[in-house]
Amino acid sequence: MFCPKCGAKGEEGKEYCNQCGYPLPQTPQVKKKTPVFLVVMIVIEIAVIALVGGVIVSRVFKSEKKTEDTVDNEKEEKSDEPSLVPEETQKIKEHVVIEAILADDKNAAADIAASHWRVTADRVVNAGASSTIHQDKVQNPPINIMDGDETTNWQEGVNGSGIGEYVYFTFDQEYKVDALTLKLGNWKDARYYAGNNRPKKLKIITNNDSWLIEFPEERREFAVQFSSPAGIKDFQVEIEDVYRGTQWDDTVISEIGLWCTP
């Protein structure tokens, strides 16, 4: 710095010239300013932070919205499912219990035969038995039970009274059966009826139901009536107990009829 009056060189920071004492001009102090670059960087950082925060919040909101929409859609889909009407509800109920009732009326079998039609032997596609007696002159296969002829029969073929032995049939379709008729024992004639065992208790098994029925000791055609039509395609009859014969320890069944409403 030089004195404006005498031109002498002055010292930096002095207020007066050392030579002539003239007041020296003072250099004003400049305040330091924050670099523009720094300000820009701070602004950019703030903007980036705001942007990232906004993206995160947006994703969280969308995720929550999606979850709510999914739940709402599931509720709508469920609400769109058709409710069961009474008829469909009835179909899924438990199987209706059908009772088998032994008729006391001795004319019941004849009345049933007069008002129903019989499932005949030609409707049988399969027949068999747990055992069958072997005789030289007489054949006693299970199908004899279904042939409508009381002089032919099935006889079990094990030693003893045949408890637990059975016959079975499969029909060409399921029939709605209202009643059964049975001729138990050997109906060929009175001598054979008395001489062979007669079933006392029979277990009747079908593809849908089963019943245990006890019969009185008398020679008549029994009638068993169902409380509602029984769907029968597979049919099995098992000996549970017998009335003993006077001559032979073989249990015999002559006829069983399955009767349906015309």
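Visitor: What does Phe235 touch, leaving out residues up to four places away in sequence?
Guide: Phe235 touches Val167, Tyr168, Phe169, Phe171, Leu180, Ile204, Ile205, Thr206, Ile256 and Leu258. Contact here means heavy atoms within 4.5 Å. This is a predicted model, where local features need pLDDT of at least 70 and side-chain atom pairs count only at pLDDT 80 or more, while totals for chains, interfaces and linings use all residues. Residues are numbered from 1 along each chain as its sequence is written, and side-chain values use heavy atoms, with hydrogens and water left out.

Visitor: Which residues touch the most other members of the largest nonpolar core?
Guide: Phe171, Leu180, Phe235 and Leu258, out of 32 residues in that core. A nonpolar core is a set of buried Ala, Val, Leu, Ile, Met, Phe, Trp, Tyr and Cys residues joined through side-chain atoms within 4.5 Å; buried is under 20% relative accessible area, exposed over 50%, partly exposed in between (1.4 Å probe, protein chains only).

Visitor: And which elements give two or more residues to it?
Guide: Strands S5 (166-184), S6 (198-206), S7 (210-214), S8 (222-243) and S9 (252-260). S8 gives the largest share, 9 residues. Strands are DSSP runs of E, at least two residues, numbered from the N terminus. There's also a second, separate core of 7 residues, with Ala103, Ala108, Ala179 and Trp259 among them.

Visitor: Switching to pairing: how many bridges join S6 to S8?
Guide: 8, and the two strands run antiparallel. Arg198 stands opposite Tyr243 in S8. Two strands pair if DSSP finds at least two bridges between them.

Visitor: What about S6 and S7?
Guide: Those run antiparallel too, with 5 bridges, and a hairpin joins S6 to S7 through 3 residues. Lys201 has Glu214 as its bridge partner in S7, and Leu202 stands opposite Ile213.

Visitor: What lines it?
Guide: The lining includes Trp187, Arg198, Glu217, Arg220 and Tyr243. S6 and S8 are the elements that give two or more residues to that lining.

Note on methods:
Helices (H or I, at least four residues) and strands (E, at least two) are DSSP runs, numbered from the N terminus. On a 1 Å grid over the protein atoms alone, a cavity is a set of points where a 1.4 Å probe fits but cannot get out, and a pocket is an open set with protein on both sides within 12 Å along at least five of seven lines; lining residues have an atom within 4 Å of a point.
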